[in-house]
Amino acid sequence: MDLPLSSLAAVGLVLVLFSVYSRRTARKLPPGPRGQFLVGNLRDAPRPPEEWKAYAAMSKEYGPVTYLRVLTKNVIVVNTMQAVTDLLEKRSAIYSDRPQLPMVDILGLGPLISLLPYGDQWKLYRRALHQLFNETAAKKWRGVHETWNARFLQRLADKPEDWWNLTLWLAGANIVELAYGREAADHNDPCLMLGIQSLEVASHVASFGTYLVDWIPALKYVPAWFPGAQFKRDGLMWRELAMRSKHLPFEQTMKDMAVGTSRPCVSTELLDRQLGAVSLSEDDVKNIAWVLYLAGADTTLSAMRAFVHAMVLNPSVQRSAQAELDRIVPRSRLPQMSDRPQLPYIDSVIRETLRKYPVAPLAIAHRLMEDDEYEGMHLPKGSTVVVNSWAIFHDEEVYPEPHLFQPERYLRDGIIDPAAPDPSGAAFGYGRRVCPGRHVADAELWMMIATVLSCFDISPSKKADGTDIIPSSTMCSGVVSMLGEFPCKMELRDEAKRQLILDEVERVVST
Ligand code: HEM
């Protein structure tokens, strides 16, 4: 009997659907909200602001590892440190890829190591970054941090009400010198401004799920003029900005090298470097410097501003930190890195800042490279793996009363308690993708926090009626999360501190 072609196609379709259905039911996916026909959990996928809180609420209902299907994409959300350790750390060989986001391609951000798939190019760039920024090598850049920190303190003492912009300048100046050997101007430095604008865009675009095209990749072929294709128009406009940030600062460094005026920095160091049997091409070096420029400034900036926020709201913590500094650091100078082992309370303030205000609340999404099984659940190959760092840091079992800012939770008998959980590991990400800039960031942050506490009192600004302005604690969405701008009062603790700051500026300039 001859069957018409359409009937054959219908039978084929039923068989395919049946086989997909039976595969799904045979292998138990992690629990999650019930999806709808075709679109799956499109409606359940949390949206900004603070979508990490919605993921955490979901995990309370369904468990530490939850599953969403959004259209054709499998998304696994990991909400506890135990599950992160079991999956992203212990099985890092298959959890270290990145999902490929169409908007990243549209903007030309693909060669950034933070977005590269797990493969040879990524490994080469990681090796280069490891050589420059491992725990020992990172000490080499301390002079850079000290210089900019001293100049920051001087500017802060002169104009404390400008603290919001000055923290941006400090984080940016550190990174443009590190990446390109450039000295940032005090005002409107073009290199710094270009970096800041580009990284805002990159953070927005690299945050998984921001755009519909992340869920339906075929949309990237829609022409820019098509009604509703705003993402494409935005993408092409931002591409121009992203390309300027990639090429301009690096080309300037190359010109400086040609005439012998360049300063030692990541770009100059890597151009001469042999990595095993491989040497980096000029384009590779450009890509590596570019990622520092985009990944190294607003991350540290977010933590610096969070620290100020915490001090505004927690005067007793501030007093304890200042008491420790006053006890340990001689009155004749500012705190230095060599004082750090004697200042456990300051370290605890940093830990608590990174915990309470996670810089990257959902880290950067990973991608599962092979089918996996975990506690009887099937985790499908190709899934986007989102780690909810915010949930990990607000786990009441691990950090009782997590909404409180309590550096004491890391201390016992006045020293760091080795048994206390340390959030400064997870704050920098997971497995093979852990942040390569963490030692640099840690040093920069420590210097800023210790010296600001030593020199300034931080308190709330006042309203016209004399009551305190309580800043909002809401953090914006994006790969890098940031508090909204808030005013506060910064006052020199006494005039002698001004002289100490000037002495420090003189010291760093002369070395
Ligand atoms: C407080 C400051 C910082 C925090 C909290 C932070 C946090 C993170 C996190 C959570 C990730 C994602 C890890 C993952 O995928 O699991 C990451 C990646 C990365 N960070 Fe940082 N970061 C900071 C500062 C820096 C600095 C100063 C640099 C450069 C000098 C840097 C360079 C990078 C790079 C290149 C990656 C991508 C790594 C990869 O995909 O292999 N970060 N960071």
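The side chain of glutamate 50 makes a polar contact with the side chain of lysine 53, at 2.8 Å. (A polar contact is a pair of N or O atoms within 3.5 Å; within protein, one must be able to donate a hydrogen and the other to accept it, and residues adjacent in sequence count only if both are side-chain atoms.) Keep in mind that this is a predicted model, where local features need pLDDT of at least 70 and side-chain atom pairs pLDDT 80 or more, while totals for chains, interfaces and linings use all residues. Residues are numbered from 1 along each chain as its sequence is written, and side-chain values use heavy atoms, leaving out hydrogens and water.

Is glutamate 50 buried or exposed? It's buried, with a relative accessible area of 13%; buried means under 20%, exposed over 50% and partly exposed in between, using a 1.4 Å probe on protein chains only. Setting aside neighbours within four places in sequence, glutamate 50 is in contact (heavy atoms within 4.5 Å) with Ser473, Thr474, Met475 and Ser477.

Now for the ligand. Its iron atom has a single donor from the protein, Cys435 (SG), 2.3 Å away. Donors are N, O and S atoms within 2.8 Å of the metal (3.2 Å for Na, K and Ca), and water is not among the atoms, so sites may look incomplete.

| Residue | Part of residue | Distance |
|---|---|---|
| Tryptophan 122 | side chain | 2.9 Å |
| Arginine 126 | side chain | 2.8 Å |
| Tyrosine 430 | backbone | 3.0 Å |
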